[in-house]
Structures are given as C-alpha cells and as structure tokens.
Amino acid sequence: MTAQRKSDGGSTAPGKHPVSGGPVVQLPTAFGEFIAQAWIDEATGVEHLAVSSPNAPRNGLAPLVRLHSECLTGDVFGSYRCDCGEQLAYALELIREEGGTLLYLRGQEGRGIGLANKIKAYALQEAGFDTVEANEQLGLPVDARCYKAAAQILAEMGLHEIRLLSNNPDKQNRLAQAGVKVVEMVPTEVPSREENVRYLQTKKDRMDHRLTLADPATAGTGTFDHEQD
C-alpha cells in the first residue's frame, strides 16, 4: 500500500493549512482496485478525495501524484472541449500500475472560477476569445486555484517527495512553495482533438504548459477552448 495516513483529526499547527481526513476504504473501479480517503479543507469546507494505488511505487521511485482539478463537463460528460476526462483516465491507469495517488480537487471547476462562470466563458470562447481572454472579459482570474490544502493533504499522507503527473509547471512551483518536493514532472499529454487543439495551443503559448503539439494548421482549427490542468 502506498503511504496513506488514516487521520480523523485536523492539522492546525502554525504554518499548516487545516485539513482533516476520514477513513480509508477500498475503491474498485474500471481502472482497477484503489484505496480512497476523503479530506476536508477546514478553512473552506470543500471536500477532496485521495485515490491511491494499493501498490508501492516501483524500483524505489517517488510516488506518482496527480492533482486533478474538478471538471464536471470533461470528467463526467466526456466533453471534447477539453482533455480533462482523458487526463483523469490516463493518470488513474498509470497510478494503478506504478504506484501513487490522485487527489481529486473539488471546488476548482474552470481553474477555480466555478461551473456557471465556466459556461459563461464558453460562450465568449464561441464568440472568438481564447480561454485566457474569456476569463479576462468576465473580470475573473486566469487561474484562481489554490494548492495549499492539496499540499497539506500530501504531507498528512507522508508524500513529501513526489513525481508530479502534470504538464503545468505552475503546479510544481506552488507545491514547492508549500513544502512538497517535486523530483520529476511526468507528462500527462493526451492526443489533441479538433475540438480542443486551440485550447491546448493557448495553454502552451500563454500559460507555459509543457505540450508537444502539432502545428494547428495541420492538426485542425478547433472551435472550442477549455481551462484545466
């Protein structure tokens, strides 16, 4: 079993973000057997879920960790406007095989702007704005997410050094600031689609995501944008 702390109390020491963990349970899924633990951000009341492989990481490597921001449209409905659902599936498969944990971070819909605002941003994207411009037009941050609770959950689980499953270097920087050492960035790039290639290009060009995209002129001219990772 990967490092997993059965905590029923909160973490309230100075300098720490207050979180509390519930019981650890078995979670059989289409991707294999996992163990799961719900966590509560005591500062906001938002609930998060840690889904971990029961197997220790291979060859003594640091565990894989994916911080997955909630995306109802992509994760539940399989929207092609983003690559979120496909990244979620890819991460779970890899974590099940190699050992590690996926933190499903609720309250981070649309990079933290919420579901209703995300749909408003979609409307602006359909009018021609990219995902960054749409948020700006709404007077909202390009990325309003906070990873303090995520970092504290990882610390409570004993995951102080990790291999981060992400294309977003900002996540690495934010975790480092919170005391979690990222020893390796493991890409989670999935094949682009006509519907999301423009969004992915925007993340690469304007948000410094580590993506290896084909030329949009040859990959397609997607109509829609989205927002995660």
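This is a predicted model: local features need pLDDT of at least 70, side-chain atom pairs count only at pLDDT 80 or more; totals for chains, interfaces and linings use all residues.
**Cysteines, a nonpolar patch and a covered helix**

The structure holds zero disulfides. For C71, the closest cysteine sulfur is that of C84, at a distance of 3.7 Å. Since a disulfide requires two cysteine sulfur atoms within 2.5 Å, this separation is too far for a bond. C82 is likewise in no disulfide, and the nearest cysteine sulfur to C82, which again belongs to C84, is 3.5 Å away.

Attention may now turn to the surface. A nonpolar patch is formed there by L72, V76, F77, L115 and I119, which together have about 470 Å² of accessible area. Two elements each give two or more residues to this patch, namely helix 1 (72–76) and helix 4 (115–126). F77, by contrast, is located in the loop that runs between helix 1 and helix 2 (84–98). This phenylalanine, F77, is exposed, its relative accessible area being 62%.

A further region to consider is helix 6, which spans residues 148–156 and is mostly covered. Of its nine residues, seven are buried. The buried residues of helix 6 are A149, A150, A151, Q152, I153, L154 and E156. In an α-helix there are 3.6 residues a turn, so residues three or four places apart point the same way. Just after helix 6 comes G158, which adopts a positive phi of about 80°.

How values were computed
Residues are numbered from 1 along each chain as its sequence is written. Side-chain values use heavy atoms; hydrogens and water are left out. Patches are made of residues with over 30% relative accessible area and no salt bridge: like charges are joined within 9 Å, nonpolar side chains (Val, Leu, Ile, Met, Phe, Trp, Tyr) within 5 Å. Accessible areas come from the Shrake-Rupley method with a 1.4 Å probe; for residues, only the protein chains shown count as cover. A salt bridge is a side-chain nitrogen of Lys or Arg within 4 Å of a carboxyl oxygen of Asp or Glu. Helices (H or I, at least four residues) and strands (E, at least two) are DSSP runs, numbered from the N terminus. Buried means under 20% relative accessible area, exposed over 50%, partly exposed in between (1.4 Å probe, protein chains only).
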